[in-house]
Amino acid sequence: MIGKHHTYADPKETAAASAKHILGRLEDATAGGRLASLAVSGGSTPKLLFEAFAGTPFDWTRVHLFWVDERGVPPDHEQSNYRLAEQAFLRPASFPTANVHRIQAELQPELAAEQYIADLRGFFGTAVGEVPKFDIIHQGMGPDAHTASLFPGEPLIEDRETLAAALYSQKMSQWRITLAPAVLLAARHTVMLVTGADKVEALRHVLGSDYAPLQYPTQIMREAGDVVWFMDRASAEGAVEPL
């Protein structure tokens, strides 16, 4: 399943539209009084998403926030996905600290992954062998078609049992802790936020080429349920047929 897709003029407009969509799904999830779960990614375009969150009145006390992946750095490091969200979203929106479930990437990578799995199981109340089901997961895509920290050639791409894992990216020369496909694919709703002309080729393969996720990891989202793509004109040009 490729999913629905929407194209906007520029990254800011694209991020604003995706933020509106995510907030709508969160409103639906909390309508019955229960807690909602959201996992976010890092990067330059998500910063615009986070700023849109912070600029929109919303009751965040009913939402618990997780991360799709994290770089193997302390939370105050300039490369930290947590730090980006904290500065652009959590602090400006007065997001409740007790609802934040960051990946403790300052720890030894395998331990950080184990603790993140324990946090997931604790919040979702899932037993060993069960997969947590997020209300909504926000993902991006790199120019090499990676998503989360699932880079081309990574064996975890074919794993449907692991919840989270520590991976060493040779390309980035860096440890990453990431949610695994089992969790990414189980989400009730997924938002794919993609901007930039450097993504055109990757988008063309992810959406239109034969299924080869080891080569184009983001293709795994074809296995997911409700997936909505938000793209700017630069990334979609020549890669996506206009609706």
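Colleague: Is serine 94 buried or exposed in this model?

Modeller: In this predicted model, serine 94 has a relative accessible area of 60%, and because the cut-off for exposed is over 50%, serine 94 counts as exposed. It is found in the loop between helix H3 (81-90) and strand S5 (100-101).

Colleague: What should I look for in the backbone of serine 94, and what is its phi?

Modeller: The general idea is that most residues other than glycine have a negative phi. In the case of serine 94, phi is near 50°, a positive value in a residue other than glycine.

Colleague: Which phi does alanine 145 have, and where is this residue found?

Modeller: Alanine 145, although not a glycine, has a positive phi of about 75°, and its place is the loop between strand S6 (136-139) and strand S7 (164-169). Whereas serine 94 is exposed, alanine 145 counts as buried, at 1% relative accessibility.

Colleague: Turning to charged pairs, how many salt bridges does a search of the whole structure find?

Modeller: The general idea is to look for a side-chain nitrogen of Lys or Arg within 4 Å of a carboxyl oxygen of Asp or Glu, and a search of the whole structure on that basis finds 9 salt bridges. One of them joins aspartate 69 and arginine 176, with the closest N and O atoms 3.9 Å apart. This pair links distant parts of the chain, since aspartate 69 is in strand S4 (residues 69-71) and arginine 176 is in strand S8 (residues 174-179), 107 residues apart. Both aspartate 69 and arginine 176 are buried.

Colleague: What does the salt bridge between lysine 171 and aspartate 144 tie together?

Modeller: The closest N and O atoms of lysine 171 and aspartate 144 are 2.9 Å apart. Lysine 171 is exposed, with a relative accessible area of 56%, whereas aspartate 144, at 17% relative accessibility, counts as buried.

Colleague: Where do arginine 204 and glutamate 201 lie?

Modeller: Both lie in helix H6 (residues 200-208), where arginine 204 and glutamate 201 are 3 residues apart, about one turn of the helix. Their salt bridge has its closest N and O atoms 2.4 Å apart. Arginine 204 is partly exposed at a relative accessible area of 35%, and glutamate 201 is partly exposed at 43%.

Colleague: Which residues are linked in a network of salt bridges?

Modeller: Arg34, Asp135 and Arg188 are linked in such a network.

Key:
Residues are numbered from 1 along each chain as its sequence is written. This is a predicted model: local features need pLDDT of at least 70, side-chain atom pairs count only at pLDDT 80 or more; totals for chains, interfaces and linings use all residues. Side-chain values use heavy atoms; hydrogens and water are left out. Helices (H or I, at least four residues) and strands (E, at least two) are DSSP runs, numbered from the N terminus. Buried means under 20% relative accessible area, exposed over 50%, partly exposed in between (1.4 Å probe, protein chains only).
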